[in-house]
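The following note sets out numbered points for discussion. Please read each point beside the model.

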Amino acid sequence: QNKTITGTVTSKDDGLPIPGVTVKIKGSNQGAQTSNDGKYSISAADGSTLVFSFIGYTTQEVVATKNIINVTLSTDSKQLSEIVVTGLGINKAKKTLGYAQTTVKNEDINRSASINALGGLQGKIAGVNISNVSGASGGSTKIILRGYTSLTGSNAPLYVIDGVPLNNARSGSDDNFDFGNNANDIDPNSIDNISFLKGSAASAIYGSRGSNGVVVITTKKGKAGAPVVNFSSAATVTDVAFVYKPQSEFGQGWDGHFVLGENGNWGPKYTGQTLPWGSIVDNAQLIRPFSFIKNNVRDAFDRGLELNNNISIAGGTDASTYLISYNNIHSNGVLPGPADKFNRNNFSFRGTTSYKKFSADVSMNYVSKVGNFVATGQGPTGVGTTFYENILQIPGNIPIKDLRDYKNTFFNVDNYYTPFAENPYWNLNENGSRSKSDRFYGNINLNFKATDWLTINFQQGADVTNSGARIWYNSNYPLPGSWVGGANTEGAVRKPDVGSVEEDNFQNFEYDSKLQALFNKKFSTDFDINGLIGVNYNDRGSRSHISTVEVLAIPDFFNLSNSSNKPISTETKLHQRLVGFYAQGTLGFRDYLYLTVTGRNDITSTLATGNNSYFYPGANIAYVLSQALGFTNKTVTYVKLRGSYGETGSDTGPYQIYNTLKQTNSSLGFGNLLFPFNGVAGFSINDILYTTGLKPERVKDYELGGEFRFLDDRLGLDFTYYHKIRKDQILNVPIAPSTGYASQLINFGELTEHGYEVALNATPVKTSWVKWDFNYTFSRNRTMVKSLPPGLDKVILNADGYGGQFVAMAGQPLGLLQAPVPAYDPQGHVIVDSQGYPIAAAENGTYGNFQHDFVMGFNNTVRVKDFALGFTLEWDKGGKFYSGTADLFNFVGADPKTTYNDRNPFIVPNSVQRVLDDAGNVIGYRENTTQITEANNDDFYYTTSNKALAWSRDILDRSFVKLREVTLTYNLPKTFLRKLGASNATVGVFGKNLITWLPSGNHVVDPEVSNYGTDLASEYGEFRTAPPLRYYGASLKVTF
Amino acid sequence: CSKINDINVSPNDPPIEKATPQVLFPSAVMSTAGQVGGELDIIGGIWSQYWTQSPIANQFKTIDSYNLQRQDFNRGYNELFAGALADYQLGITKAKEAKLYNFYLMCTVMKAYTYEVLVDLYDKVPYTEAFQGAAKLNPKFDDGFAIYKGLIAEIDAALATDYKGAPFVGSSASTDFVFGGTMDYWLKFANTLKLKMYLRMVNTHAAEAEAGIRALYAAHAQFLDTDAGVIESSDKVSYFTDVTDQRNPIYAYTVFNLGGNDLRASKTLVSWLTAHNDPRATVYFGTASPISIDQGNYTAPQSAQPSYYSATAPAFKATDPVYFLTKAESHFLQAEAGVRYGVVSAQTEFLNGVTAAFAQYSLSAPADTSYQWDNTFNSASTARKIKRIIYQKWASFPNSHALEGFFDQQRTGYPEISDVYSTNPLYTEDTRIDPLHPINHSGQWVYSKNGVTGGRFPKRLVFPDSERSRNSSTPAEVPITTPVWWGLPNK
């Protein structure tokens, strides 16, 4: 006889109801789920057994004897049944994995209302390095799992969302503009969890795309029950987190004298005396005290605002569920006006349904974004200049804030105070860029449960983006005879900006299909096996069309037609395919010993026949010692040892094996000669020499580790050691120009990296109303360059344009910063030239490498009743980076280092001059007595005139300590909420990037920012880029 | 059946197998022009003391102080080898295959011209083992003299073909920016180039120089009577236009992109032009009385040298042509051959040269002995004749042909080196006691005020890092002040 049994399932930990608990009648297919308030209802025969199960909790069985059965589930303290998402989106028990695995949940991702999926995880996960390379909302996030091992290929992880690879293009971005990477588009609110597969054993199943690790994102699904509405809203104020600090002793001028029109701080000491400044217009001039203006640079910026609103409705029946969500991001950044505005809308639908043995899961997402971005670095020569370069060139006594009135008589195009730079607010208001993107991604996932141990699965994914960007530089021509047009005291004329318009269109597509069989069978009490076998077909590529026209005919009108020049257009298509066959099997023995073997064979379109099929094996072992030995004491609750080996690869891009011609574009150094020239077409031999013998890059990865939990799980330790070898690097190796080529694309070189990751979790305090969780992560990674092609002593990874280089050298740590250094005589004296400046040695010297000694994260959460306070500190220690900001900062005499010797004449300490014979050969040295005069002090700090020492001021310590995040949340009382019809509500305040501590040698720039992209090259440093941001906000989350 | 990698043929760039001389040749010519008339023109112009670095900017301080090192001039070398020369070489191969002997000759002459620039700047470069890609990653360096002989042999081989019989199909004559497909001019350019190369050898290979020049005259070789360069030979209209990436290289580089605040008139050239009332001051600097800066004195503060801050910039225009070998230069070369070997009337050729040099700018020469060669001067010493020729050449090269002035000085010693710096009043004081031997120093070269080579002038470039660090055959570095193989020895 059946009766209806109802009840509530609560958590033993906090007494709160648990939604989504599966309630099943043992021995039947009948079942139910608890609703949002933990309630369930099921019809069962008297005396049958109800099984209550939920991930992370110990399964409980209760015999149905009453009509109301309330159940309290306790958390699965031994981590034995924790289910995590692994490669290909397969759920597996964490204890069976023979490699390190970190999962983060929605709550951790959204704690500080980051608008990017991974932006809220900085400093929280060992071996996952997350940085925002530009301060702009909508800009790129750089994610590197462990370290860099590919010299010139990609080091970005593969992003997989609900089992389907995501296209992570950064279309249109370059050193000047960062329009954001596509992985940033995912609505963080819609994410259920993210798994990081850091090593090759974990990612081997992804074969030739798994070599940099995989970020596996699983989105939320609806749950059976009445519709549940989730609403969250956050408002965040942004401001500049760190700006350079100029010296405050010497004011405007050059060569030690006050000069009205100069853009440097090489004038006399500040006197405080009221003096005229700036241009003379109609015999009138402005006056102000000749003194250093505090907070001048910071006042160049405003506060920004970021709004993040999300609403979702979810629900369903036992057979079908749905989830619809909408996320809106609206942001206006710290620059005055709309120059850095960003809007994003995400619409998502997720539905599941099942019918008999069939089930289906559909996910559809549409993302639309529009953003304005401000140019960083140097503007295109001859066309225009950038805000950040111009702001650096304002002496400390000129009020930057006043210059915002850029049409004012004294600050306009004709009468800006200097002919050597432009009013930055003219740049900000008259130049700009607008990026637009429409993107669809999603998948259909069909399952057929053939038997109770075999499921057939087919999944089709698509990710298609249509995007475009427009970049404009307005024209301006200083009037001849005006202050800027030559009437200034030095007679200099500022180069006009001729203006330009660029229209870009990009299409990116990625289609991914897979058919696989999954099986799971227990053979005896001792053995069980689960696994899969499948085939995958991936088709991806891009089309781009870029047109640019220079010299605007009508100022302030931006269209490709608006010029006497014809637009220059380029089109690029990329297309590649990959077929993969894969299998994976896990053999379990008595629930404590697991052996997993994986294998994948990829066939790629990008390599020549005979060279394009590769096999990637992997194996891992997990041994749950505590279970094997039957630990029962509370001191050591869980011990697991793991070991793994995996091989992965890195696909080559398309069109890299056959030699080609290129449309002729001959570089002049500044400017080009481009064909068609004078109506004649021209093609030249491509400077890159290709070979059909190219192979994919290959990675072999060993990993050892252990998980330990002590003191009734109050203390936990996860330790991982890894060693990774990357061979057959695809290198565009520079070769001697006399070979007829600039470089040759070949496989060569070997990099190894090794490192360790430690995660320590502790709950020092745990009472009924106070709980303090502490989480500490430590990681250290060292990448070494083992070998390079014969005859090649270094591979240049990036360069600053003045002579500094970022290189890989055999036998050295990856990423050396090499730049000119002084030449020394045999006794170690600095050799100076006849003018008294140090001579640069013939060969560049090494200033260090970019790699941190270690990265540490401190995470704390203190919960007091319904309040939770969390904060995260990150300490990155060691390493060096190049700063193009520092270069200009020294040139204009703003760096405190330029006040050396109070700017009095000096002789370079411990220096000698060469004695030459008639042929110019060095025959000896004599003591140097040539002074660097007061008037030449400035030349001592400029790259061109003192090449030998410039980089000693531009290459800085990369260390920092940052207070990444502080959050305070309060869960509103249920009784109060019930009156509002809500089941759950949380209010919170938070701050991100609140405090930045930099070492004493760096007054200039946050080492995390870069405008050199998001890969290895970006680790060289930055070139006059935007400052990082600080965020303060408040959020509200309500569930109805 | 289609294979998965069938899609791996680039839709963006044509396969190298489809290369034709018609697309390679104009590309390579513009690559040569872009360097010879661009970055190398800047070095040539500063080192020939036409221009100097302005104190209000910084870009060319390393050049003006003779402080160039192996990292400084990679681009020009790379572009000339991997850009221009590799394309000429493939153009030669493709032209021979297609029996397009006209393109074979055009590519060969331009290859020789471009190679000569490299040899003259670097002394030695790879030649016999160059352009072999992966087959020869460390090509050996050949001696400059051997390369000259090789180039002359290559020119002779191309001249021996039926290059006049090969047709220009369709509009392919327009791919010849130098002579528009007029093969007679290519023959003359080839001969004049050979003459120039032989004259380079006079200091160190006098016998070969004389034999080669006598052979040219014995064969009644015709020499250039028009300008060779990126210029329409018929109407002297340049192919450069004031349009994106189609501008004259030195204009694009120094004015359009850098803003024109760097180069200023050098006292050395201006003093000479002024001393001779040379109307080309207006051509070179846009004014009949340019304000100049003493060579390399860019660190002088405004208080000490206020006039430096109103110094005149070179009058580069976007539409200026780039010259490879001018008509005037051709006549001056012939005049020098006449002086040295009597193979032609030096007097006639000199006067033709002066006329052509001024005609180049639609001007006529001033009445000053320096521009004349009367019958009495025929009895002057060889040295005085050469001096007069070379001064005229030097004064004809500013704008886009400046490198040649630098080479001539190293070869002949003219203009001489002044024993006073140009700030010294003696430099320009005209005390003509003997009108034929003014002690006026105008035009004589002065050592850069900020020179770092201890009073020695630069004579060459050092091998760039791009070659040195990748080619183990690169010879040991020699000082920038060491003469190249044909240069006058340091005193």
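**Notes on the two chains**

1. In chain B, buried residues account for 66% of the 491 residues; buried here means under 20% relative accessible area, exposed over 50%, and partly exposed in between, with a 1.4 Å probe and protein chains only. For chain A, 59% of the 1040 residues count as buried.

2. On provenance, this is a predicted model, in which local features need pLDDT of at least 70 and side-chain atom pairs count only at pLDDT 80 or more, while totals for chains, interfaces and linings use all residues. Residues are numbered from 1 along each chain as its sequence is written, chains are lettered from A and ligands numbered from 1 in the order in which they are written, and side-chain values use heavy atoms, with hydrogens and water left out.

3. Secondary structure is assigned from DSSP runs numbered from the N terminus: helices are H or I runs of at least four residues, and strands are E runs of at least two. Chain A has ten helices and 57 strands. Its radius of gyration is 32 Å, close to the 31 Å given by the globule rule for 1040 residues, so chain A is as compact as a globular protein of that length. The radius is taken over C-alpha atoms, and the rule is 2.2 Å times the number of residues to the power 0.38. The C-alpha trace of chain A spans about 110 × 65 × 60 Å along its principal axes.

4. Chain B contains 15 helices and seven strands. The radius of gyration of chain B is 23 Å, close to the 23 Å from the globule rule for 491 residues, so chain B is as compact as a globular protein of that length. Along the principal axes, the C-alpha trace of chain B spans about 90 × 50 × 45 Å.

5. Contact means heavy atoms within 4.5 Å. Among contacts between residues at least 6 apart in sequence, 69% in chain A join residues at least 24 apart; for chain B the corresponding value is 73%.

6. Accessible areas come from the Shrake-Rupley method with a 1.4 Å probe; for residues, only the protein chains shown count as cover. Chain A exposes about 38600 Å², of which carbon and sulfur atoms supply 57%. Chain B exposes about 15900 Å², with 52% supplied by carbon and sulfur atoms.

7. The domain assignment of chain A gives domain 1 (2-76) and domain 2 (102-237 + 305-377 + 431-657 + 692-815 + 850-887 + 957-1039); the bounds come from an automatic or database domain assignment. The C-alpha centres of domain 1 and domain 2 of chain A lie 39 Å apart. Five residues of domain 1 of chain A are in contact with eight residues of domain 2 of chain A.

8. Helix α9 of chain B (residues 267-275) has seven of its nine residues buried, so it is largely enclosed by the rest of the structure. These buried residues are K267(B), T268(B), L269(B), V270(B), S271(B), W272(B) and L273(B). Their cover includes β6 (263-265), α10 (280-285) and α13 (382-396) of chain B. Just after α9(B), N277(B) adopts a positive phi of about 50°.

9. Two cis peptide bonds may be inspected here. One joins F675(A) and P676(A), with omega about 0°, and P676(A) lies in the loop between β34 (671-674) and β35 (683-685) of chain A. The other runs from Y414(B) to P415(B), with omega near -10°; P415(B) is placed in the loop between α14 (403-412) and α15 (465-468) of chain B.

10. Positive phi values also deserve a look. R146(A), not a glycine, has phi of about 55° and sits in the loop between β12 (141-145) and β13 (158-161) of chain A. R146(A) counts as buried at 4% relative accessibility. F131(B), likewise a residue other than glycine, has phi near 60°; F131(B) belongs to the loop between β2 (125-126) and β3 (141-142) of chain B and counts as buried at 18% relative accessibility.

11. Which residues does Y388(A) touch, not counting those up to four places away in sequence? They are F301(A), L335(A), V374(A), A375(A), T376(A), R1024(A), T1025(A), A1026(A) and P1027(A). Y388(A) is found in helix α3 (residues 387-392) of chain A and is buried, with a relative accessible area of 8%. The C-alpha atoms of Y388(A) and F1023(A) are separated by 9.8 Å, although the two are 635 residues apart along the chain.
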